[in-house]
Amino acid sequence: MNIHSFLADGDQQSNKYKFVLNITHKAQEHRKNDNGESALGDSYLRSCALRSAQQGDYTEAIALLSQLISRHPYNAVDYNNRGLIYFQSGETQKALDDYNTALKINPNLASAYNNRANYYAACGELAAALADYDQAIDLNPRHVRAWINRGITWRDLGQYEEAIENFEVALLFGQLEGHIWAERGRTYHLWGDWNCAIADYHRALTQLPSMDNSKDVTGCRLRLQLENWLNELLSDQRPNW
């Protein structure tokens with residue numbers, strides 16, 4: 001399988017919760033609601049979990065999400081988020097279990113299908129991955145990550161034309177252009193269209209974060225891969241004297 005970065009979906013509610021810049025144990029100071037729980041406690045815990053995951057403290061992030069799940073055992077988003085962090089920490093079976101639970105609770109959660117598809121793709125179960133990407137896109141046709149990931153999977157199957165079509169649809173939404181151009185460039189590269197590959201690689205380099213940007217780990221990882229792909233392509237083009 002080719003080296004690539006599947007794009008996972010994090011907290012769908014993350015736009016509602018800003019990252020906590022100074023994490024402290026002040027949840028108990030929030031106003032209590034009728035159930036005796038902090039009215040802002042859930043958002044506080046989600047923010048702390050997101051921050052911990054961003055810093056690579058997966059154990060803390062999982063513990064915080066587990067606390068949320070204990071409070072709200074039928075919240076599919078929290079299971080999906082914990083599954084994502086389990087997957088990032090290498091506990092793939094626990095990740096799959098959480099994705100399955102999330103989808104049992106909410107069969108219409110497109111991000112959980114995308115994340116479970118990433119699990120299948122990483123395990124080499126590409127047919128199962130495609131089925132879940134299809135479901136994510138059926139539920140949310142503007143799901144850019146699922147379009148990109150499905151393109152990568154088609155590429156892994158050697159179906160380059162289908163892969164390119166997925167990347168071109170993904171570009172229509174005006175998001176994650178650097179990722180799309182990098183993956184489309186890699187597809188052209190493997191397909192033998194080196195001029196298109198070089199053009200896409202250079203477009204991607206203008207969009208992807210620099211290597212000293214610690215806030216976008218996936219983008220930095222893809223930039224490193226892209227630079228390797230570009231060096232590989234350029235070395236192949238050099239004549240052997």
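**Terms and values, one by one**

Q: Which residues does Asn114 touch, not counting residues up to four places away in sequence?

A: Asn114 touches Leu7, Ala8, Asp9, Tyr133, Ala136, His143, Arg145, Ala146 and Asn149. Contact here means heavy atoms within 4.5 Å. Asn114 itself lies in helix α5, residues 110–122. The model is predicted, so local features need pLDDT of at least 70 and side-chain atom pairs count only at pLDDT 80 or more, while totals for chains, interfaces and linings use all residues. Residues are numbered from 1 along each chain as its sequence is written, and side-chain values use heavy atoms, with hydrogens and water left out.

Q: Why is Asn114 called buried?

A: The relative accessible area of Asn114 is 0%. Buried means under 20% relative accessible area, exposed over 50%, and partly exposed in between (1.4 Å probe, protein chains only). Asn114 is therefore buried.

Q: How is Asn108 classed, buried or exposed, and what value decides it?

A: Asn108 has a relative accessibility of 56%, and therefore counts as exposed. Asn108 is placed in the loop between α4 and α5. The C-alpha atoms of Asn108 and Ala136 are 8.4 Å apart in space, while the two residues are 28 apart in sequence.

Q: What makes Leu176 partly exposed?

A: The relative accessible area of Leu176 is 24%, and therefore Leu176 counts as partly exposed. Leu176 sits in the loop between α8 and α9. Leu176 also has a positive phi of about 55°, although it is not a glycine.

Q: How do you know that Ile152 is buried?

A: Ile152 has 0% relative accessibility, which means that it counts as buried. Ile152 belongs to helix α7.

Q: What is counted as a helix or a strand, and how many of each does the protein chain have?

A: Helices (H or I, at least four residues) and strands (E, at least two) are DSSP runs, numbered from the N terminus. By that count the protein chain has 11 helices and 0 strands. Of its 241 residues, 46% are buried. Among contacts between residues at least 6 apart in sequence, 54% join residues at least 24 apart.

Q: Why are the buried residues of α2 said to line one face?

A: Ala61, Ile62, Leu64, Leu65, Leu68 and Ile69 are the buried residues of α2. Seen down the axis of α2, they fall within an arc of 165°, so they line one face of the helix. The arc is that of the directions from the helix axis to the C-beta atoms. The face of α2 turned away from the buried side carries the exposed residues Thr59 and Ser70. The cover of the buried residues of α2 includes α1 (41–54) and α3.

Q: What makes α2 and α3 roughly antiparallel?

A: Helix α2 (residues 58–71) and helix α3 (residues 76–88) pack at an angle of about 160°, with their axes 10 Å apart. Axes are lines fitted to C-alpha atoms, for helices over the stretch in contact, and angles run from 0 to 180 degrees between N-to-C directions. Angles under 35 degrees count as roughly parallel, over 145 as roughly antiparallel, 65 to 115 as roughly perpendicular and the rest as oblique. The helices α2 and α3 are therefore roughly antiparallel to each other.

Q: Why is α3 called roughly antiparallel to α4?

A: The axes of α3 and helix α4 (residues 92–105) cross at roughly 165° and come within 8 Å. That angle makes α3 roughly antiparallel to α4.

Q: What places the buried residues of α8 on one face?

A: Ala163, Ile164, Asn166, Phe167 and Ala170 are buried in α8. Seen down the axis of α8, they fall within an arc of 160°, so they line one face of the helix. Their cover includes α7 (144–156) and α9 (177–191). Helix α8 (residues 160–171) has 12 residues and reaches 17 Å from its first C-alpha to its last, close to the 16 Å expected.

Technical notes
The expected span of a helix is 1.5 Å times one less than its number of residues.
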